[in-house]
Amino acid sequence: MTILNLYLRVLRKLGSESKLAALLVVANLALAIAQFAEPILFGRIIDLLTQAQTTSSGVNWDKLITLIGAWVGFGLFTILAAVLVALHADRLSHRRRLVVMAEYFEHVLHLPIGFHSAVHSGRLLKTMLDGSWGMAGLWLNFFRENCASFVALFVLLPMTLFLNWRLGGLLIVLVFLFGFLTVYVLRKTEGLQGSVERYNTDLAERASDALGNVPVIQSFTRIESEATAMRQISATLLMAQMPVLSWWALAAVATRASATLTLTSIFILGTWLHLRDLATIGEIVTFMSFATMLIGRLEQAVGFANWMLMLVPKLKEFFEVTDTTPTVFDKPDAVDPGRLTGEVSFDHVTFSYDNRRNAVSDVSFTVHAGETVALVGATGSGKSTTLGLLHRVFDPNEGRVVIDGVDIRDMTLSALRRNIGVVFQEPMLFARSIEENLRVGKADATQEEIETAIERAQAKDFIARQPDGLATIVGERGRSLSGGERQRVSIARALLKNPPIMIFDEATSALDATTERQLQKALEAATQGRTTFVIAHRLATIRNASRILVFDQGSIVETGTFEELVALDGKFAALARAQFMADSRPEQPKVFTDDPSG
Ligand SMILES: Nc1ncnc2c1ncn2[C@@H]1O[C@H](COP(=O)(O)OP(=O)(O)OP(=O)(O)O)[C@@H](O)[C@H]1O
Ligand SMILES: [Mg+2]
């Protein structure tokens with residue numbers, strides 16, 4: 001994307017307020033023209049006065065008063081237009097900045113988990129803030145300066161040729177030289193500034209990554225090394241920034257020099273022409289004013305180019321994110337099936353995160369409504385991924401997932417996800433109150449429903465012990481709660497949703513044996529009448545599952561009840577044996593007696 005394209009794209013983002021924007025542009029044009037008219041009127045008045053002096057015929061009062069009147073008129077008009085621009089350009093920019101930011105935010109929330117695993121949240125946040133502030137700045141610049149500068153340089157400047165073509169010609173040549181210099185510096189520094197911006201983003205990412213892992217940094221005594229790494233990135237950034245700054249310093253010096261050069265040249269040429277009767281004193285004065293004004297405009301333009309150059313990488317990053325399309329989206333004819341009964345089928349489903357290695361390959365199974373199915377297998381064997389495919393965190397590369405006879409890609413995403421409650425492997429909580437975290441499950445839940453959910457999730461006691469009860473703020477990602485407490489809030493949140501299909505991904509892994517057993521009972525009650533998927537490493541927790549799917553490297557290798565699988569003496573039996581030998585809880589070795597039920 002070239003700078004110009006980027007610039008135009010940002011202007012197009014004014015979209016819904018294009019009428020006001022157009023009005024501001026018109027006001028700007030008027031301002032530019034008025035600004036140009038003033039030196040001309042001034043020059044005319046001076047000529048009138050000098051003529052009166054030289055010809056001794058007295059001042060032509062009618063003409064003088066008309067000219068002064070016009071001057072005052074233009075002056076008043078300029079003030080009015082300037083007020084309009086000053087008042088509305090800022091408001092418009094700030095309004096649109098917030099809109100653009102909100103759109104970005106919503107868009108990012110829609111992007112697939114795959115995108116979020118690859119892009120750091122610190123980077124996304126920085127891109128959002130930098131990009132939206134950058135756009136606001138660009139709009140302001142456009143309304144306050146760019147627009148008028150554009151008219152002054154490309155419309156009014158050529159028109160000076162009609163006033164006095166010799167002086168006009170000189171002015172045009174000087175402006176052209178100056179513009180050429182700016183473009184040259186711009187070209188030189190564009191690539192350099194791109195790398196500066198990459199270091200800036202690295203810095204933000206590194207900082208937010210470190211801030212998100214303070215406990216690790218402190219306990220592994222990594223403070224010094226993290227700080228050093230940060231200083232190193234800063235040093236590299238500074239090194240990359242220096243040449244850009246040198247180029248711009250050069251441009252700034254050149255600007256000053258050419259300002260002096262232009263004014264002196266106009267004055268010298270003007271005097272020379274005047275002595276030969278080819279220019280009046282009024283014209284010299286007019287052109288001196290033009291030159292001052294145009295230099296001012298050019299300085300602004302250079303400043304803007306400089307600033308824009310810094311902004312380009314930020315805008316590019318912003319648009320890269322907003323141009324990323326979600327891979328999972330509603331088909332145009334997607335339907336809302338209402339509340340599902342929960343009959344789930346995987347039909348030869350294959351999925352790969354990276355298109356090289358399959359995380360899930362050719363998985364097929366059917367679960368009847370109300371059944372409880374457990375997924376077990378070594379870590380990394382594809383259990384979470386399989387269930388992710390069920391609530392469309394991603395779509396299968398091959399095969400299909402069907403609920404109640406409908407391919408889930410034919411349902412609206414919101415309908416599908418309303419029907420599925422998920423207790424994630426990592427109980428991600430918001431840095432809000434416990435109650436707000438629960439209400440994520442059901443925004444309009446009654447107090448009674450909340451009570452029931454926390455009771456079922458065995459969370460009542462610990463919530464009661466919190467200083468502010470349900471109103472306790474749980475810290476970033478729920479850090480002020482223990483792992484087990486977080487899990488129970490996350491379970492209560494899913495229960496509150498009361499969906500026909502439930503997914504528990506390692507929901508009880510962080511609980512002590514007693515709480516786990518209590519919760520197990522509660523969950524069994526809560527899962528009555530729902531299709532339930534349970535992923536558990538502790539096999540004791542899934543004894544009552546109506547079926548167990550054993551995963552190995554992305555495929556289902558065994559299926560059956562707990563007892564059937566033990567009798568089969570395959571992968572599952574080996575897993576169970578290894579676990580129970582390592583585990584000394586007395587009730588568990590019973591599994592290996594001849595009568596598995598007792
Ligand atoms: N976001 C991701 N991007 C790329 N690869 C991933 C991603 N998530 C998981 N994988 C890979 O896919 C495979 C299956 O992962 P999955 O999370 O489904 O395993 P799992 O059976 O749930 O393991 P665990 O019991 O440890 O939770 C693993 O090899 C893992 O490295
Ligand atoms: Mg997992």
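**Exercise 1. Work out why helix H10 is largely enclosed by the rest of the structure.**

Step 1. Helices (H or I, at least four residues) are DSSP runs, numbered from the N terminus. Buried means under 20% relative accessible area, exposed over 50%, and partly exposed in between (1.4 Å probe, protein chains only).

Step 2. List the buried residues of H10. They are Lys383, Thr385, Thr386, Leu387, Gly388, Leu389 and Leu390.

Step 3. Conclude. Seven of the eight residues of H10 are buried, so the helix is largely enclosed by the rest of the structure.

A note on the source: this is a predicted model, where local features need pLDDT of at least 70, side-chain atom pairs count only at pLDDT 80 or more, and totals for chains, interfaces and linings use all residues. Residues are numbered from 1 along each chain as its sequence is written, chains are lettered from A and ligands numbered from 1 in the order in which they are written, and side-chain values use heavy atoms, with hydrogens and water left out.

**Exercise 2. Describe the surroundings of ligand 1.**

Step 1. Count the shell. A residue is near if one of its heavy atoms lies within 4 Å. Ligand 1 has 13 residues around it, and Thr379, Lys383, Ser384, Thr385 and Gln425 are the closest.

Step 2. Find the main contributor. Helix H10 (residues 383-390) gives the most, with three residues.

Step 3. Look for polar contacts (here, pairs of N or O atoms within 3.5 Å). A polar side-chain atom of Thr385 is 2.4 Å from an oxygen atom of ligand 1. For a backbone N or O atom of Gly382, the distance to a ligand oxygen is 3.0 Å. For a side-chain N or O atom of Arg357, it is 3.4 Å.

**Exercise 3. Classify the ring pair of Phe318 and Phe319.**

Step 1. Apply the rule. Rings of Phe, Tyr and Trp (its six-membered ring) pair if their centres lie within 6.5 Å; planes under 30 degrees apart are stacked, over 60 edge-to-face, the rest tilted. The count comes to 17 aromatic pairs.

Step 2. Read the geometry. Phe318 and Phe319 are 5.8 Å apart, centre to centre, with 90° between the planes. The pair is edge-to-face.

Step 3. Check burial. Phe318 is buried at 1% relative accessibility, and Phe319 is buried at 0%.

Technical notes
Polar contact = N/O pair within 3.5 Å; in protein donor to acceptor, adjacent residues only side chain to side chain. Helix = DSSP H or I, 4+ residues; strand = E, 2+ residues; numbered from the N terminus.
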